[in-house]
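Dear colleague,

I am passing the structure on to you below, together with some notes on its charged side chains. Please read the notes with the coordinates open.

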Amino acid sequence: MSATRVLVLNSGSSSLKYQLLDMRDGSRLASGLVERIGERSSRLKHTPPATGGRIREQSEPIADHDAALKAVAEELAKDGLGLDSPELAAVGHRVVHGGKHFTRPTVIDDAVLAEIERLIPVAPLHNPANLTGIRTATALRPDVPQVAVFDTAFHTTMPEAAARYAIDVETADAHRVRRYGFHGTSHAYVSRATAKLLGRTPEEVNVIVLHLGNGASASAVEKGRCVDTSMGLTPLEGLVMGTRSGDADPAVIFHLARVGGMSIDEIDALLNKRSGLVGLCGDNDMREIRRRIDEGDERAQLAFDIYIHRLKKYIGAYYAVLGRVDAVAFTAGVGENAAPVRAAAVAGLESLGLAVDDALNAVRADEARLISPAGSRVAVAVVPTDEELEIATQTYALVKNTN
């Protein structure tokens, strides 16, 4: 196909992230963010091509996603990258929840839209925004394929033993209760990039991927296929996160309702927005937590210790699931930038072949790199994630093959 550009859209409830890529070489032509959509303080920040000049910002009310995407189109047109260009091959949309049905990138039609809508009860914060972005982009370029790339798709290879909760099967099936996992595009990209870093194919290696940002998840990837992941029915399960509790006894909910008199909505807000690091110490920025630790703050230290304890438990659990581990890869904002987190996560796991070289771990760099001592049995790596490139790659491969 002659058209080689892919526009990647990540639509949030009040934001729109975008990147335009040229799939001949994966280069980033432009990118940006529209935030606070629907508010008076809306802002668009546009990063033009590398040779195209300075970052442009505008602050004026943007009423809805339709207006946001039209504003993005105007910014791209200023750089000669208008969305009316015949070089636009497709628009790739990040869709958070695809359930069991969507196991790979999918060209969007009415049936796909209906299924994404049916999944709203298990992704109430994300799927409605994703649908809005899809409909807006379709209206703007109805002649261009719109492709959904699902956060959950990479995890659909989990065996039933990992994907099912131990609750009544009929009840679970009736209400789609199972472990889906999230951050799939990141886990897919990083697991392949880690294999490349080791000079091997994905089918040759077993990798534990640790996606550590404000949201955090771990995955066990066996020969290129996910066999377990820490998030479940929703992104609440698993690791300690910025504002989410991660794993907790389900009876905590009953206790808070019966003894604390809290409503379901109040408990939901507590576990998703007022727990994790912010609930433990009042901060969800790892840099600030480390600064407070250096000043002797005991609450910050406890929050960090709980965070690391949970992380270490998952590393050990996934080591057991995989049987053989070739690499542990840290990625996302905390994983890529917080050397103390990486060091603490593998400290004491030397008998499993895990260790970091202090000097290598302290290096700040934008490229994938090993931070384990030479000759280590298990490689420890820092691999910057690129979810937009992953979405664009999957989108372009699909429309190219379809055409």
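A salt bridge here is a side-chain nitrogen of Lys or Arg within 4 Å of a carboxyl oxygen of Asp or Glu. This is a predicted model, in which local features need pLDDT of at least 70 and side-chain atom pairs count only at pLDDT 80 or more, while totals for chains, interfaces and linings use all residues. Residues are numbered from 1 along each chain as its sequence is written, and side-chain values use heavy atoms, with hydrogens and water left out.

The structure holds 27 salt bridges. One of them joins Asp173 to Arg164, with 3.0 Å between the closest N and O atoms; Asp173 is partly exposed at a relative accessible area of 44%, and Arg164 is likewise partly exposed, at 28% (buried means under 20% relative accessible area, exposed over 50%, partly exposed in between, with a 1.4 Å probe and protein chains only).

Arg141 and Asp143 also meet in a salt bridge, at 2.8 Å from N to O, and here Arg141 counts as buried at 12% relative accessibility, whereas Asp143 is exposed at 57%.

A further salt bridge pairs Asp79 with Arg56, their closest N and O atoms lying 3.1 Å apart. This pair links distant parts of the chain, 23 residues apart, since Asp79 sits in the loop between α1 (65–78) and β6 (88–95) and Arg56 in strand β5 (residues 56–59); helices (H or I, at least four residues) and strands (E, at least two) are DSSP runs, numbered from the N terminus. Arg56 is partly exposed, at 23%, and Arg56, Glu75, Lys78 and Asp79 are linked in a network of salt bridges.
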